[in-house]
Amino acid sequence: MNGLTDAPLGEAGTGRIVRTAVADCRAADAVETLARGLGDTPFEIVILFACPRTDVAALIAAARDRLAPARVVGCTTAGEISQHGYAEGEIVALGLPRSHFIARTILVPDLDRFDGTDIIHRMIRSRRALAAEEPGWGSEFIFLMIDGLSTREDALVSDIALGLGPVPLFGGSAGDGTRFERTFVLHDGQALENAAVLVQVRTRCPIRVFKTDHLIPTETRMVVTGADPARRVVHEINAEPAAREYARILGKDPEQLTTFTFASHPVVVRIGDQHHVRSIQRVADNGDLVFFSAIDEGVVLTLSEPEDMASHLERELGRLSEPGAPDTILGCDCLLRRVEAEQKQMAGALSRILSRHRVVGFCTYGEQVNSMHVNQTLTGVAIYPPAEG
């Protein structure tokens with residue numbers, strides 16, 4: 001729990017249209033608490049963001065039965081975002097009512113053996129079916145949840161990009177707190193590892209998919225001179241052992257590199273006219289650097305420095321309220337942003353901003369936007385009330 005509110009667990013929240021509820025991940029009656037909190041509205045789909053201490057197999061099995069006929073999907077987290085901001089030890093449920101949303105899900109059960117062409121064909125068929133069901137609804141998006149320890153996010157979003165057409169995709173990599181041991185996605189009563197779930201949504205609500213980060217590239221650059229791309233491991237930077245050279249550039253002791261160091265001093269790569277973060281997960285025992293996303297030899301990394309997180313977040317979420325405020329924002333917020341906020345004693349301020357702007361979702365091991373897997377961003381979809389109310 002984040003300690004920011006004493007509101008009862010299960011209390012319904014966010015906007016007039018999208019509903020959310022929370023429950024203690026240890027509670028035996030967690031699913032019943034969530035069902036009561038969501039209310040009696042008929043839901044098209046319910047999305048669960050579960051603390052990794054949750055018995056996820058029991059959760060998804062019970063939720064499938066209790067919340068039927070709504071589809072139920074979800075994933076484990078590196079921290080939750082409830083209607084009260086950052087949270088820990090919770091299950092957050094987000095319900096999309098049938099009055100405003102229709103959805104289809106596609107399960108990718110084995111990320112080591114998926115057929116991108118087959119997934120694209122399924123996406124196209126589902127999109128046509130959704131359009132035939134509600135031809136007057138004009139907004140679409142795809143929400144992806146994927147095993148955050150699979151190292152397959154880059155491959156999946158790249159392979160299915162041709163199937164997106166004009167439909168924006170965003171998503172997050174399932175987390176395991178700060179343990180990095182096991183992550184799960186939830187679908188059709190099952191808790192699955194090394195898997196992904198795509199949720200295709202059509203809605204009468206206007207939507208805006210977005211990505212934002214608070215990082216400013218500097219003039220300091222370094223070159224990856226030795227790497228294992230398949231494992232996202234960098235052996236050498238500037239022809240020197242990776243962790244030692246990164247620490248030297250920062251003016252730090254390589255033995256003192258921590259998650260906070262990586263959160264406060266991330267590196268970015270330039271793709272086209274944009275910079276994208278390539279976050280470092282940890283230092284391996286042999287001094288290699290393990291990354292959260294794709295990395296390869298010859299890549300030029302640029303050191304970046306953070307803006308003030310609170311003022312940046314207020315500004316960026318404020319832009320999503322122009323000209324009108326969203327009903328709800330479904331957000332995927334990188335774990336390293338939360339680590340940085342906690343270390344700088346800004347987590348409370350960020351929680352209040354997230355709550356005020358009606359952000360719910362989860363903290364991730366990485367984020368996806370269209371054809372890219374990225375890090376250290378807040379990515380999501382702002383959902384607005386339809387003009388007719």
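User: Which element gives the most to the lining of the largest pocket?

Analyst: In this predicted model, the largest pocket has a volume of about 230 Å³. Helix H1 (30-38), strand E2 (43-50) and helix H2 (56-67) each supply at least two residues of its lining. The element that gives the most, with three residues, is H1.

User: Which residues lining the largest pocket are the closest to its centre?

Analyst: The largest pocket, of about 230 Å³, is lined by 14 residues. The closest to the centre of the pocket are Gly39, Thr41, Phe43, Arg66 and Leu67.

User: How many charged residues are in the lining of the largest pocket?

Analyst: By class, nine residues of this lining are nonpolar and two are polar. Arg counts as charged, and Arg66 is one of the lining residues. The number of charged residues in the lining of the largest pocket is three.

User: Which strands each supply at least two residues of the lining of the largest cavity?

Analyst: The count of cavities of 30 Å³ or more comes to one. Ile47, Leu96, Phe141, Phe143, Val199, Val201 and Leu330 line the largest cavity. The strands that each supply at least two residues are E8 (139-147) and E12 (196-203).

User: How many nonpolar residues does the lining of the largest cavity have?

Analyst: About 30 Å³ of space lies in this cavity. Its lining includes Ile47, Leu96 and Phe141, and Ile, Leu and Phe count as nonpolar. The lining has no polar and no charged residues. The number of nonpolar residues is seven.

User: What is omega for the cis peptide bond that joins Glu322 and Pro323?

Analyst: Pro323 lies in the loop between helix H7 (309-319) and strand E22 (328-334). For the cis bond joining Glu322 and Pro323, omega is about 5°.

User: What is the phi of Ala239?

Analyst: Ala239 is found in the loop between strand E15 (233-237) and strand E16 (240-241). Phi is positive here, in a residue other than glycine. Its value for Ala239 is near 65°.

User: Is Gln376 buried or exposed?

Analyst: Gln376 lies in the loop between strand E25 (372-374) and strand E26 (378-383). Phi of Gln376 is near 55°, a positive value in a residue other than glycine. The relative accessible area of Gln376 is 0%, and the cut-off for buried is under 20%. Gln376 is therefore buried.

Notes
Residues numbered from 1 in each chain as written. Predicted model: local features only at pLDDT ≥ 70, side-chain atom pairs only at ≥ 80, totals over all residues. Heavy atoms only, no water. 1 Å grid on protein atoms, 1.4 Å probe; cavity = no way out; pocket = protein on both sides within 12 Å on 5 of 7 lines; lining within 4 Å. Points joined across faces, edges and corners; volume = space filled by probe spheres on them. Helix = DSSP H or I, 4+ residues; strand = E, 2+ residues; numbered from the N terminus. Buried < 20%, exposed > 50% of the residue type's maximum accessible area, 1.4 Å probe, protein only.
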